[in-house]
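Work through each one with the structure open, then compare your steps with the solution.

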Amino acid sequence: MRIVRYQHASEAPRFGWVQDNLVGELEGSPFGEYRRLDVVYQLGEVRLLAPVIPSKIICVGRNYVAHAKEHNAEVPEVPLLFLKPPSSIINPNDKIILPPQSRQVEHEAELAVVIGKRGRWIALEETNEYILGYTIANDVTARDLQRSDGQWTRAKGFDTFCPFGPWIQTDFDPADALITCHVNGEMRQMASTRDMVFSVRQLIAYASSVMTLEPGDLLLTGTPAGVSPLKSGDVVEVSIEGLGKLANPVEADLEHQPG
Ligand code: MG
């Protein structure tokens with residue numbers, strides 16, 4: 001099933017389900033009991049929102065060998081975790097704003113896991129029970145600030161730096177799916193999730209040994225090689241085989257001076 005959060009006209013956002021080009025409401029909660037109501041809209045009649053509102057966005061650095069190499073970085077021996085703030089979230093098709101503090105903002109195409117159930121110290125063989133489904137994310141990064149700051153909160157944390165969606169696919173096998181990133185139609189990244197250093201199961205077990213995972217939390221599983229700068233006017237599209245496509249335009253913030 002494909003789960004969306006959608007808004008029709010000025011009505012309140014709702015959870016829904018999508019099949020082909022049709023949308024129906026999901027009564028109840030995707031994290032508990034729910035019922036699929038009848039189709040009410042064509043997909044084009046509603047605005048798709050980021051499909052969940054996570055309490056935290058857990059990310060993994062250097063989880064593809066070729067990406068670590070393109071930055072002359074070692075592949076970590078244990079997963080390298082960092083966080084993005086929920087304030088960085090934008091919806092599919094919303095603008096990524098290039099902040100005035102950075103001269104090198106880059107895309108990072110990533111598979112994202114949506115947690116379905118609260119858990120801590122989740123055993124490797126039980127991780128699947130804690131997954132609601134999968135979606136597409138762009139871990140937008142101010143690369144120059146990532147280098148100059150040392151730690152990554154600012155570089156990864158600007159508003160608009162976490163587009164994800166357009167929906168959560170509940171039946172998806174993350175073992176060998178093709179991830180691509182196109183900028184203005186030109187291919188920049190292409191790899192398979194089988195090239196991940198740490199698997200989804202390993203990442204969930206590891207992250208949950210540090211912090212409680214809550215329903216709706218997002219886990220970004222790292223980006224493959226090919227990251228490249230974005231400029232104002234670009235359109236960046238991340239696609240994952242079986243999950244669809246996440247597109248966002250890019251625009252410079254010309255109103256503010258660096259703080
Ligand atoms: Mg990343």
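**Exercise 1.** Find the residue that forms a salt bridge with Glu27, and decide whether Glu27 is buried, partly exposed or exposed.

*Solution.* Step 1: apply the rule for a salt bridge, a side-chain nitrogen of Lys or Arg within 4 Å of a carboxyl oxygen of Asp or Glu. Step 2: the partner of Glu27 is Arg35, with the closest N and O atoms 3.2 Å apart. Step 3: buried means under 20% relative accessible area, exposed over 50%, and partly exposed in between (1.4 Å probe, protein chains only). Because its relative accessible area is 37%, Glu27 is partly exposed.

A word on the source: this is a predicted model, where local features need pLDDT of at least 70 and side-chain atom pairs count only at pLDDT 80 or more, while totals for chains, interfaces and linings use all residues. Residues are numbered from 1 along each chain as its sequence is written, and side-chain values use heavy atoms, leaving out hydrogens and water.

**Exercise 2.** Describe the pair Arg154 and Asp149.

*Solution.* Step 1: their closest N and O atoms are 2.9 Å apart, in a salt bridge. Step 2: Arg154 is partly exposed at 36%, and Asp149 is partly exposed at 34%.

**Exercise 3.** Which residues are linked in a network of salt bridges, and how many salt bridges are there by this rule?

*Solution.* Step 1: the network links Lys84, Glu106, Glu108, Asp139, Arg143 and Lys156. Step 2: the count comes to 18 salt bridges.
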